[in-house]
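Please keep the sequence and the model at hand while reading.

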Amino acid sequence: MHAKSSPVRRRLLVLTLATAVVGSAYAASPTVAKPDVVAGNIDTSVNPGDDFFQFANGAWLKAHPIPAEESQWGIAQVVQDELYVKLRRISEDAAEQKQAAVGSDEQKIGDFWTTAMDQSLADHLGAEPLKDELARIDAVHDVNSALDAAFALQPLGVDAFFDFAVSQDEKQSDAMAVHLAQGGLGLPERDYYFNTEQGVAKARTAYVAHLGRMFRLLGAHEAAAKQSATQVMAFETALAKVSRPLADLRDPEKNYNKMAPSELTTRHTPAIAWDTRLAAWKLSAPNVIVGQPEFFDGLQSLLAKTPVPVLRDYLRVHLADEYASYLSQAFDDEHFDFYGRTLSGQAQQKPRWKRALRAENSALGMILGRIYVKDYFSEASKQRYNTMVDAVRTAYGERIDKLDWMSPATKAKAHEKLAAVTRKVGYPDKWKDYSKLTIGRDSYAQNMMRAQQWAFDDMLSKYGKPVDRTEWEMTPQTYNAYYNPSNNEIVLPAAQFMIPGFVDSDIDDAVVYGYVAASTIGHEITHGFDDEGRQYDAQGNLLDWWTKQDAERFNQRAQVMVKQFNAFEPLPGLHINGQAALGENIADFGGIMIGLDAFKKTAQYQKGEKVAGYTPLQRFFLGYALGWLSQQREARLRNSLLADVHAPAKYRVNGPLSNVPDFYEAFGVKPGQPMWRPESQRVKIW
């Protein structure tokens, strides 16, 4: 993960074809006792030195086209489908308990599930669940009342005008701080408002049409709806113009601007009395951390010159879009038509039960998690991956010692940070308390609003209290993992270790070290030493612990990777943003190098025996590629290139591996092949 609360990356999991295709020098044995975890995925018509991603995964991808309800399809989605089945069973069992005590886990899960699945109730209510908030917005008559409405929407998950959070102070990780940052856009990222690529331009046009249809659903006449849509788009475009580009948001020092709330008011936003506004949330904060002060200058200017009716429309449509999926079919369909079909390329909605589970996970995640791990995650699996963390940490320390570009002084600090990395594997030792969250059967949208309000209140309650470093930001049933720089920790939820069709003990170390030790454990630890994470010390404080010369050497080497990824052009006219994706790409590369070092100490590597026709070293790289077994629709790809700091799956395989000498050795990669890079042009960081 690249930041403390962002989703990190999609993890791996495995589903294979029953037999391997034969016909190249790298083909597996024609007879395999049972389906192999990697051999059946291989497209042997492709030379691994030409396109290793396609070689490793091509047979599976050809046999599994993207379903109509999906914008991408691969191992992650297969795993998610299995998770859906398990969570549905939990939810239906809870719903069938007629005597569940009010406030119990079973009552909350059962009532949430029952109400979310009741399409007829949602259709009957229409936009009625939003009536109080819509009435508040309708009463807006000046800038101050518009701000009243915006601040009332923040606890409901609507980041109108700006983004707000209470989280750890980057320079004092044992204290919680108020954070204010740019936000308030309806499109995924600020470059969507300006990029001239044809597909992006079409998305902008479609967004305006979507806004118009939303205004119609909210009761506006055709002409008024079109005018409102055009004006809101103009307002958001102006807001995007004063927002920092994606790559610039990766500089933690530039995003750290601590000041008194009164100073923020005086210097940047005279229209917003921050002391008073925060006090209304019972926050008595002597300081706030402002991510992008220039954004708030721009916001102030926009608030001063934008007609009040436009501010009303902006607030109204952002509220409606936030909750459209939980309202009537008309709202749900319209929201999907733009955000699902246009921006992601989905041909049709997922079935309602899957969408209900996605919302339930968001609202009641840790309640579901307690039941999930009890039923589906073994202590043996937890122990295996705890042991693997130790192996990767040891290998990392040995690699630090071998670096020829890092001085002894910086190496000592790096060892200190590495030793202090906390690991969280499987599930929390202490579960979150949901006792204050009320779930009923009045409406789906109301349950989501209560959940958002509860989460907001829970966040506010942390201010002024000691930091709880035991807390998890992901549920155990989340197919993902992350590194938190302020805690200097890696978090590995239970669900990321699922392997459909295989029990954990069936997978050989070569594959496990590729898809877990390299692409997850090593990846997440390396985030502590990437271009952003390396700026935090062992205690999680934003503090420069590098010598000037070592920092310069690191940056020079990192720029080699930026240049490599900038050259990739997944869609005509749209390149990967090498600077924005730098942290993830460094983590991928570092994870491979460290995971490989750890694997070389295993008995399987040292014996060197082939499995399904492949050497241990080859299986390690095939295991790594398995973690990125995925394909996506063009619209989804376009979205990720503009708004995601993660490179597309193919390039997360071919990109880092083209810098790994052992990969060249394993598959006989030769000069002139696309995967070959002259040694002088390879990345050499970890």
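Tyr396 is buried, with a relative accessible area of 0%; buried means under 20%, exposed over 50% and partly exposed in between, with a 1.4 Å probe and protein chains only. This is a predicted model, in which local features need pLDDT of at least 70 and side-chain atom pairs count only at pLDDT 80 or more, while totals for chains, interfaces and linings use all residues. Residues are numbered from 1 along each chain as its sequence is written, and side-chain values use heavy atoms, with hydrogens and water left out.

**Aromatic pairs**

Phe529 is buried as well, at a relative accessible area of 1%. The ring centres of Tyr396 and Phe529 are 5.4 Å apart with the planes at 35°, so this pair is tilted. Rings of Phe, Tyr and Trp (its six-membered ring) pair if their centres lie within 6.5 Å; planes under 30 degrees apart count as stacked, over 60 as edge-to-face and the rest as tilted. The pair joins distant parts of the chain, 133 residues apart: Tyr396 belongs to helix 15 (residues 379-402), and Phe529 to the loop between helix 18 (509-527) and helix 19 (548-566). Helices (H or I, at least four residues) and strands (E, at least two) are DSSP runs, numbered from the N terminus.

By the pairing rule there are 46 aromatic pairs. One of them is the tilted pair of Tyr207 and Phe338, with 5.3 Å from centre to centre and 35° between the planes. Here too distant parts of the chain are linked, since Tyr207 in helix 7 (residues 198-217) and Phe338 in helix 13 (residues 329-344) are 131 residues apart. Tyr207 counts as buried at 1% relative accessibility, and Phe338 counts as buried at 1%.

One aromatic cluster is formed by Phe52, Phe55, Tyr513, Phe599, Tyr605, Phe620, Phe621, Phe663, Tyr664, Phe667 and Trp676.

**Helix packing**

Axes are lines fitted to C-alpha atoms, for helices over the stretch in contact, and angles run from 0 to 180 degrees between N-to-C directions.

| Helix pair | Axis distance | Angle |
|---|---|---|
| Helix 20 (residues 582-599) and helix 24 (residues 649-657) | within 9 Å | roughly 60° |
| Helix 2 (residues 75-95) and helix 14 (residues 352-376) | 9 Å | about 80° |
| Helix 19 and helix 20 | 10 Å | about 100° |

Angles under 35 degrees count as roughly parallel, over 145 as roughly antiparallel, 65 to 115 as roughly perpendicular and the rest as oblique. Helix 2 is therefore roughly perpendicular to helix 14. Among the residues that make this contact are Tyr84, Arg88 and Ile90 of helix 2 and Trp353, Glu360 and Tyr372 of helix 14; contact means heavy atoms within 4.5 Å. The contact of helix 2 with helix 14 has eleven nonpolar, two polar and seven charged residues. Ala, Val, Leu, Ile, Met, Phe, Trp, Tyr, Cys and Pro count as nonpolar, Asp, Glu, Lys and Arg as charged, and the others, Gly among them, as polar.

Helix 19 and helix 20 are likewise roughly perpendicular to each other. Phe554, Ala558, Met561, Val562 and Phe565 of helix 19 touch Leu582, Asn585, Ile586 and Phe589 of helix 20. These residues divide into eight nonpolar, one polar and no charged.

Helix 20 and helix 24 are oblique to each other. On the helix 20 side, Glu584, Asp588, Phe589 and Ile592 meet Arg652, Pro656 and Leu657 of helix 24. That contact has four nonpolar, no polar and three charged residues. Helix 24 is largely enclosed by the rest of the structure, because eight of its nine residues are buried. The buried residues of helix 24 are Ala649, Tyr651, Arg652, Val653, Asn654, Gly655, Pro656 and Leu657.

**Single residues**

Asn488 has phi near 50°, a positive value in a residue other than glycine. Asn488 sits in the loop between strand 7 (482-484) and strand 8 (489-493) and is buried, with a relative accessible area of 0%.

Ala612, also a residue other than glycine, has a positive phi near 55°. Its place is the loop between helix 21 (603-607) and helix 22, and Ala612 counts as buried at 16% relative accessibility.

Gln618 is in helix 22 (residues 616-626) and is buried at a relative accessible area of 8%. Phe161, in the loop between helix 6 (143-153) and strand 2 (162-169), is buried at 0%.
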